[in-house]
Amino acid sequence: MKANARKSELEITNADLAHVGLGTPAGTWFRRYWLVVSTTSELRDIPLGLKILGEELVLFRDLKGNIGLVGLHCSHRGSSLEYGDIEDKGIRCPYHGWLFDVSGNCLEQPAEPKGSAFHQKVKHLSYPVRELGGLIFAYMGPDRDNPPPLPKYSPLIDRGGQRQIEPIRHNDYNWFNFYENSADPTHICVLHRHSGYGEQTWGDQFFSYHDMPEFEPVETDYGLKVVMTKPGSTPESEVVDTMSLGLPSIIQIGDTEFVHAKVDAAKLLKEGSHCEHILFLTPNDDEHFTIFTVNYYTGLDPDFFAKLERMRATEVPREKIREYDHRKYMPYKGNVRQEDIVTQGTQGLLGDREEHLGSADRGVIMLRRIVREAIGAAARGGRPKGVLPHERADEIVHLDCFTGVRLKGSVRER
Ligand code: FES
Ligand SMILES: [Fe+2]
């Protein structure tokens, strides 16, 4: 561990949250979790070059079906294994043919003398990999022979529903701008009033620009959730929408069924939403991150995802562009994701930018504190929030994203 990763909790500042390279405090913290690096469908029969937490890596599946995540540059003289040949036992460098297995063992060096044991001295960088629910996770932390359990996140576990994995998204700004946006519910009523949220029953009534819901951030054992409420039709009831943030970089949103699939909220409110919409963010470096999105639907509609896709396709920016408008992100109003990119992609790095936080920023303030504490725990060698102990390996991890009507006061349960 490098010296600056040993900073105590009190010394961890918001500026640390934006930097994920090897040896940084947040980089050390991130490496304590399993991170999504690709999807089962994306990894085909050629090597996939990736950058994860600033490290250049290559992902491949050998012909026996084992997946490896190893250093991109060959241990011999550095050529890229992204151009290597995949074989039964591993990946072979194109330059001088060194063969590496998924654990980084060097099995062959064709140009060395017969019988040479030199290959046994070479250990190439490699990280453990697991597949779950169509996603590929890697663990880049310490103790790689005995990593923590890969949490069984509920949308990745088959429970009789339908699963959809969305196309991978790449963004060119800092991961934390995206993450903390989910702890900031008021932006939905303001920024997204032009798009999916603002133009049907749920958007107009719940996320009204002129009558915003109340909200409270609530710390949980996985991170925090932001619970938004409005009065229900009886004095004991309230209408609830929830966004959850699981450490280190997971977001789950409960209202996809109402907002994007345009299911009539009035019909569904009593039973609540049936769609778990979960996003796994993986920082590539401090200026780029990747979003892996999974939907798990347990409702009755067999065509739910086809309908969702059709509705999303209609959510395009509707602004007319003037011929003298050269702004980078135009047009944006009318598409939720583009609206988010405009605002998050122009903030600059947390720690570098000047801010004036108000009471509506209390979710963001709580999230930053929880992440700083987790970074501090990792720096001290403890178990940060969201890393499961081995005895809880079999539990299904649910991030609460309840959206519907329920009794008042029940929203504070964890
Ligand atoms: S550089 Fe890879 S085998 Fe020589
Ligand atoms: Fe948003």
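Residues are numbered from 1 along each chain as its sequence is written, chains are lettered from A and ligands numbered from 1 in the order in which they are written. Because the model is predicted, local features need pLDDT of at least 70 and side-chain atom pairs count only at pLDDT 80 or more, while totals for chains, interfaces and linings use all residues.

The chain is divided into domain 1 (35-139) and domain 2 (152-412). These bounds come from an automatic or database domain assignment. Taken over C-alpha atoms, the centres of domain 1 and domain 2 are separated by 35 Å. Domain 1 gives 14 residues to the contact, and domain 2 gives 13 residues. Two residues are in contact if their C-beta atoms, placed from the backbone, lie within 7 Å. On the side of domain 1 that touches domain 2, the elements with two or more residues are strand E1 (34-39) and E2. E1 has the largest share of that side, four residues. Helices (H or I, at least four residues) and strands (E, at least two) are DSSP runs, numbered from the N terminus. By residue type, the side of domain 1 that touches domain 2 has seven nonpolar, five polar and two charged residues. Here Ala, Val, Leu, Ile, Met, Phe, Trp, Tyr, Cys and Pro count as nonpolar, Asp, Glu, Lys and Arg as charged, and the others, Gly among them, as polar.

E1 also belongs to an open sheet of three strands. The order is E1-E11-E10, and the pairing is antiparallel. Two strands pair if DSSP finds at least two bridges between them. E1 and strand E10 (129-132) stand at the edges with a single partner strand each, so one side of each is left without a neighbour in the sheet. From one strand to the next, the twist averages 35 degrees. Axes for this angle are lines fitted to C-alpha atoms, for helices over the stretch in contact, and angles run from 0 to 180 degrees between N-to-C directions. E10 and E11 run antiparallel and are joined by four bridges. Leu-132 has Leu-135 in E11 as its bridge partner. Val-129 is the bridge partner of Ala-138 in E11. The hairpin of E10 and E11 has two residues between the strands, and Gly-133 in this hairpin takes a positive phi near 55 degrees.

Ala-138 is also part of the largest nonpolar core, which has 94 residues. Such a core is a set of buried Ala, Val, Leu, Ile, Met, Phe, Trp, Tyr and Cys residues joined through C-beta atoms within 7 Å. A residue is buried if 20 or more other C-beta atoms lie within 10 Å of its own, exposed if 12 or fewer, and partly exposed in between; C-beta atoms are placed from the backbone. The residues with the most contacts inside the core are Leu-35, Val-36, Val-37, Leu-69, Phe-137, Ala-138 and Ile-375. Helix H9 (residues 362-379) supplies the largest share of this core, eight residues. The core lies between domain 1 (35-139) and domain 2 (152-412), because both give residues to it. Leaving out residues up to four places away in sequence, Ala-138 touches Trp-34, Leu-35, Val-37, Leu-69, Tyr-127, Pro-128 and Val-129.

Helix H8 has its own buried residues: Val-336, Glu-339, Asp-340 and Ile-341. The cover over them includes strand E14 (169-171) and helix H2 (175-181).

Most residues other than glycine have a negative phi, and most peptide bonds are trans. Leu-53 has a positive phi of about 50 degrees although it is not a glycine. Leu-53 lies in the loop between strand E2 (48-52) and strand E3 (55-61). Leu-53 counts as buried because it has 23 C-beta neighbours inside 10 Å. Asp-143 also has a positive phi, near 60 degrees. Its loop runs between strand E11 (135-139) and strand E12 (152-153). Asp-143 has 9 C-beta neighbours inside 10 Å and therefore counts as exposed.

Two peptide bonds are cis. One joins Leu-247 and Pro-248, with omega about 10 degrees. Pro-248 sits in the loop between strand E17 (237-246) and strand E18 (250-253). The other runs from Met-330 to Pro-331, with omega near -10 degrees. Pro-331 is in the loop between helix H7 (304-314) and helix H8 (336-344).
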